[in-house]
Amino acid sequence: MEVQISPILKKRGLQDTNSNNYRPIALATTCSKIFEHVILAQFELNLCTGYYQYGYKKGHGTELAVFSSKQTVAHYNKNNSTVFAAFLDASKAFDNVLHSKLCNKLLERGFSTQLVKCFYYWWKQQKFCIKWGDSVSRKFGTQKSVRQGIMSPVSFNVYTDQLGCDLIYLGLSCKIGCTMANCFFYADDICLLSLSVFGLQAMLDATEKYADDHNISLNVSKTVCMRFCSGKDSLLPDPKIKLKGCELVWVNSFRYLGFTITNCVNNFDEEEMYTRTGELRVRANMLCTKFNGANCDIKRYLLQTNIDSIYCMSLWTPESDACLNKVKVAYNDYIRLLFKFKRGVSVSDFCKNNRILTFKELQRKLCFSMLCRIRQSDNLLVSSLKNNMFRNSDLLMCHWFKVLYSSNASFSTLDEFVLS
């Protein structure tokens with residue numbers, strides 16, 4: 001029943017004297033964690049949410065959420081249709097959950113009255129304290145919120161699941177095959193897609209109504225719109241879209257789930273690759289400063305744990321090899337700097353002799369892993385996108401084929417690759 005909260009800065013560079021820049025990390029007791037794990041194991045089916053929710057679900061994740069939204073936009077742009085998007089931000093969403101409404105939703109999902117009463121008592125009677133350095137605050141209770149922990153993100157998914165259903169039932173906007181693809185959730189991160197300004201406004205109105213009914217505070221200042229244009233539509237002025245009576249800002253790029261999305265159709269991922277290149281160089285300098293005197297085995301372990309997976313690299317579809325080569329050069333410089341050998345030495349030979357993945361090997365590994373995850377996914381929208389990619393020889397599918405096989409392969413061989 002007692003929880004200790006440790007505030008940490010959301011990211012480097014934020015002002016450490018502003019409490020809004022901190023994320024509260026709840027450290028619960030061992031008994032509490034065991035109880036939550038038991039509930040999740042016993043009532044897994046009762047806690048299922050719709051295919052539009054990608055957060056904290058087995059077989060899902062941020063990469064699949066980015067893949068789904070990005071491929072939906074690419075599908076319509078390929079068919080000369082403009083897509084309008086809205087990226088919504090909810091302020092302290094986990095802290096504003098109403099216990100009574102969450103309990104009602106659990107009852108509707110088949111939880112027994114006794115267990116829901118147990119939850120309600122637990123949430124109402126929990127005592128919190130904040131640890132700052134060596135100091136601990138007095139204990140206090142809360143009348144709302146689900147603390148960030150094992151069961152809280154799943155509870156929040158249940159709390160907002162009906163919103164996804166409401167948006168799907170509107171029947172507006174994007175569709176892949178017979179599957180609606182107009183909303184993408186990752187816990188409290190929401191992306192809405194529409195083929196018209198009217199459809200986007202209708203979805204925002206429905207979201208605003210649901211948020212007001214469920215005490216979810218939508219942050220208008222951090223909610224933005226983006227237009228993925230096709231043809232001459234890029235010359236048109238930005239339309240007026242409102243949320244809570246305020247006009248939303250239109251942007252050309254936005255960082256969605258850690259991935260930089262731009263509305264530049266010709267080079268969709270150039271800004272994201274530029275960002276990852278900078279991250280590689282910063283990380284290399286940091287590791288070399290802290291572990292300059294470490295032996296080769298420790299450095300190899302550090303290399304594997306720090307850049308074994310370049311985030312969303314498998315989803316890049318570079319217009320040319322120039323941007324990708326910049327990432328490759330940064331990766332090779334990372335290895336040279338960490339292991340202290342000269343620029344003239346072959347990185348490929350060094351990697352081969354020291355059991356380190358070269359850039360091409362890392363790229364193949366990540367593309368193959370992503371392709372397997374998509375094929376094995378039971379998500380309805382991911383399956384529809386997969387079938388659409390295979391059927392239409394999608395740009396991303398062609399890129400995967402070139403990475404996994406050869407750049408000179410013919411499209412007849414691509415068909416064999418799709419069927420394999």
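A: Two strands pair if DSSP finds at least two bridges between them. Strands (E, at least two residues) and helices (H or I, at least four) are DSSP runs, numbered from the N terminus. The model is predicted, so local features need pLDDT of at least 70 and side-chain atom pairs count only at pLDDT 80 or more, while totals for chains, interfaces and linings use all residues. Residues are numbered from 1 along each chain as its sequence is written, and side-chain values use heavy atoms, with hydrogens and water left out.

Q: Ok. What is the bridge partner of Cys 183 in β9?
A: Leu 192 is the partner of Cys 183. β8 and β9 run antiparallel and are joined by 4 bridges.

Q: How many residues are between β8 and β9 in the hairpin?
A: There are 2 residues between them, and one in the turn is Ala 187. Ala 187 has a positive phi of about 55 degrees, although it is not a glycine.

Q: Is Ala 187 buried or exposed?
A: Ala 187 counts as buried, at 5% relative accessibility. The cut-offs are under 20% relative accessible area for buried and over 50% for exposed, with partly exposed in between (1.4 Å probe, protein chains only).

Q: And why is β9 largely enclosed?
A: Because 5 of the 6 residues of β9 are buried, the rest of the structure largely encloses this strand.

Q: Where does β9 go in the sheet, what is the order?
A: The order is β8-β9-β3-β10-β13, in an open sheet of 5 strands with mixed pairing. At the edges are β8 (183–186) and β13 (249–250), and each of these pairs on one side only.

Q: In what sense do β3 and β9 pair?
A: β3 and β9 pair in the antiparallel sense, over 5 bridges. Phe 84 stands opposite Ser 194 in β9.

Q: And which way do β10 and β13 run, parallel or antiparallel?
A: Strand β10 (residues 224–228) and β13 run parallel, joined by 2 bridges. Cys 225 stands opposite Trp 250 in β13.

Q: Which strands does helix α6 touch?
A: Helix α6 (residues 197–213) packs on the sheet and touches β3, β9 and β10. Another helix, α2 (residues 62–78), lies across β3 (83–88), β8, β9 (189–194) and β10.

Q: New topic. How many residues has the largest nonpolar core?
A: The largest nonpolar core has 116 residues. A core of this kind is a set of buried Ala, Val, Leu, Ile, Met, Phe, Trp, Tyr and Cys residues joined through side-chain atoms within 4.5 Å. Helix α9 (residues 321–339) gives the largest share of this core, 9 residues.

Q: Which residues have the most contacts inside it?
A: Phe 67, Leu 192, Ile 335 and Trp 400 have the most contacts inside this core.

Q: What is Trp 400 in contact with?
A: Leaving aside neighbours within four places in sequence, Trp 400 is in contact (heavy atoms within 4.5 Å) with Phe 67, Ser 314, Leu 315, Cys 367, Met 370, Leu 371, Ile 374 and Met 389.

Q: Now the holes. How much space lies in the largest pocket?
A: The largest pocket holds about 1700 Å³ of space. On a 1 Å grid over the protein atoms alone, a pocket is an open set of points with protein on both sides within 12 Å along at least five of seven lines; a cavity is a set where a 1.4 Å probe fits but cannot get out, and lining residues have an atom within 4 Å of a point.

Q: Which residues are closest to the centre of that pocket?
A: Of its 46 lining residues, Lys 10, Tyr 22, Arg 23, Lys 92 and Asp 188 are the closest to the centre. β2 gives the most to the lining of the largest pocket, with 5 residues.

Q: Where is Lys 92?
A: Lys 92 is in the loop between β3 and α3. Lys 92 is not a glycine, but has a positive phi of about 45 degrees. With a relative accessible area of 54%, Lys 92 is exposed.

Q: How many cavities of 30 Å³ or more does the structure hold?
A: It holds 4 cavities of that kind. About 80 Å³ of space lies in the largest cavity.

Q: Which residues line the largest cavity?
A: Among them are Glu 36, Trp 122, Trp 123, Val 146 and Ser 155. Helices α4 (113–125) and α5 each supply at least two residues of that lining.

Note on methods. Axes fitted to C-alpha atoms, helices over the stretch in contact; angles between N-to-C directions. Points joined across faces, edges and corners; volume = space filled by probe spheres on them.
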